Each structure stands twice: as structure tokens, then as C-alpha cells.
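Here is a short report on one strand and its partners, and on one pair of helices. Keep the structure in view as you read.

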Amino acid sequence: MLIIPAVDIKNGQAVRLLQGDMNQATVYAKSPVEAARRWSAEGAKRIHIVDLDGAISGSTVHFEIIKEIILSVPVEIQVGGGIREISQIENYLSAGAKFVVLGTAILNNRSFFEEAVRKFPNQIIAGIDCKGGRVATSGWVDLSDENPVALAQQIGNSGIAAIIVTDIAKDGMMQGPSLDLYKEMTKVVQIPIIASGGISTLKDIQELNLISGVDGAIVGKALYSGNLVYKEIIQTLSADS
């Protein structure tokens, strides 16, 4: 299972939010570039970048910082946040991003999402963020009536590379991931599921690793706080395999 450190960018700094609340942000690094370099140096093979300000505004805000990250680390970069136009996807991929993450567009602009997947097969990752069994959009601000598992089933065969599934209620809470949600999700799609939200212990990692179809896990606060150490995660996974 791929362990993917997160670098979330707000006001030009690397932060972590509590349950997706932009007003509850903890700054963990003044420089997102340095944060990415740290995870690369510790052995990460992929880093998850989110333009939080872009997610709220619905436009790319921190492209230059993210481009600098891409140029600064020799690892795969998946990037999301406020991407609503084909040109934005082209800009990120041209800058060297491996994957672009689309979330809000899946519900609010399905024709754009489908066009993106058609133009960039296996380079688009779908981000399904949910709370209380409902899919959230617009930087986790708006809750739709869409069920996350049903949405995954709708788009699972569209040509996307993977689905990131985030339980907002778990995010930043250090209380463990939504294992049942991931088990349910892997039953309806054949593509990789990337778990996100609440991952805080080696036991969490081991339990996710036991779910067939969960091929990756995004880890944020637990790494920044020192609750988890990247190298120890990799050693644990190697011992379990």
C-alpha cells in the first residue's frame, strides 16, 4: 500500500485542517516546498498536494508554489483544489504533476469531469469527500444528497486512475479511519481506492492494508505531529507483506 504524505496549502503555508474547517488550520511548515522535500527525503514515492484556497474560491490560487514543489522533488505529485477548467489540468500536467484530483466537478459539472477523463485517461483521480453518508463539495463547505458509495459506482469505470475517499468527520481528528466505508467502497469499484482522514496509528495503517482494493493512504496530521514516522510505517508494511 502506498503511503502518501499530504501538503495542504493555505495562505502560502503548509497546514492541516480540523474536520475540513478553514478556520481551524494549524500551520506545520511556513514553506510547502520544504514540507514536500522532507517527505521525499524520508522515502515517499508520492505526495498529495491540495490548494485549499483554490478549493474554496473555485480557481487555482497557489499554482506557482505547487509548480515549485513538482520541480523540487523526484516523486509523483497528485494535486487538487479549485480545478474547474481543462486549461488548469493541462497546466498542472505540463508542470510535471502525475495526477490531477477532481472533486466538486464530479457533481457540479459532470460534463467537465467526463471531458477531463476522456482527454487525460488514467491521469485524473476522483476525490469523494463525505460526511454523514453525504458527498461534500466546494472545499467541504456544501453537503449534497449524493451517497458516496453510489457516486463511486457511477464513475468507477469512467477511466479515472483512482478514487480518494475522505471522511470529513474523521479528518484531522486522529481517531482512526472509516474502515467500514472503505470496505463498502471496494465492493462496488475495481479501481484503486485511496483512504484519507483520521489515519493516526500503525494499527490504522495495518487495518487499511488488509482491505483488498485500498491501494493507498493519505496521511497528514499524524506525520506532521510525529504521531507516525514515515520510515516506521514503511518498515511495518514490509514486515506484514
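## A covered strand and a helix pair

In strand 4, R46, H48 and V50 point one way, I47, I49 and D51 point the other way, and all are buried. Keep in mind that this is a predicted model. In a regular strand, side chains alternate between the two faces of the sheet. Strand 4 spans residues 46-51. Of its 6 residues, 6 are buried, so the strand counts as mostly covered, with buried meaning under 20% relative accessible area.

Which strands pair with strand 4? Strand 1 does, and strand 5 does too. The table sets out both pairings.

| Partner of strand 4 | Partner residues | Sense | Bridges |
|---|---|---|---|
| Strand 1 | residues 2-10 | parallel | 4 bridges |
| Strand 5 | residues 76-80 | parallel | 5 bridges |

Now look at single positions. A6 has H48 in strand 4 as its bridge partner. R46 stands opposite E76 in strand 5.

Next, the helices. Helix 7 covers residues 148-155, and helix 8 covers residues 179-186. Their axes come within 9 Å and cross at roughly 30°. Why do helix 7 and helix 8 count as roughly parallel to each other? Angles under 35 degrees count as roughly parallel, and therefore helix 7 and helix 8 do. The crossing of helix 7 and helix 8 is right-handed.

Which residues meet there? From helix 7 come P148, V149 and A152. They meet L181, E184 and M185 in helix 8. By class, this contact of helix 7 with helix 8 has 5 nonpolar, no polar and 1 charged residues.

Terms used
Residues numbered from 1 in each chain as written. Predicted model: local features only at pLDDT ≥ 70, side-chain atom pairs only at ≥ 80, totals over all residues. Heavy atoms only, no water. Buried < 20%, exposed > 50% of the residue type's maximum accessible area, 1.4 Å probe, protein only. Helix = DSSP H or I, 4+ residues; strand = E, 2+ residues; numbered from the N terminus. Pairing = 2+ DSSP bridges. Axes fitted to C-alpha atoms, helices over the stretch in contact; angles between N-to-C directions. Parallel < 35°, antiparallel > 145°, perpendicular 65-115°, else oblique. Left-handed = near helix turned anticlockwise from the far one by under 90°. Contact = heavy atoms within 4.5 Å. Nonpolar A, V, L, I, M, F, W, Y, C, P; charged D, E, K, R; others polar.
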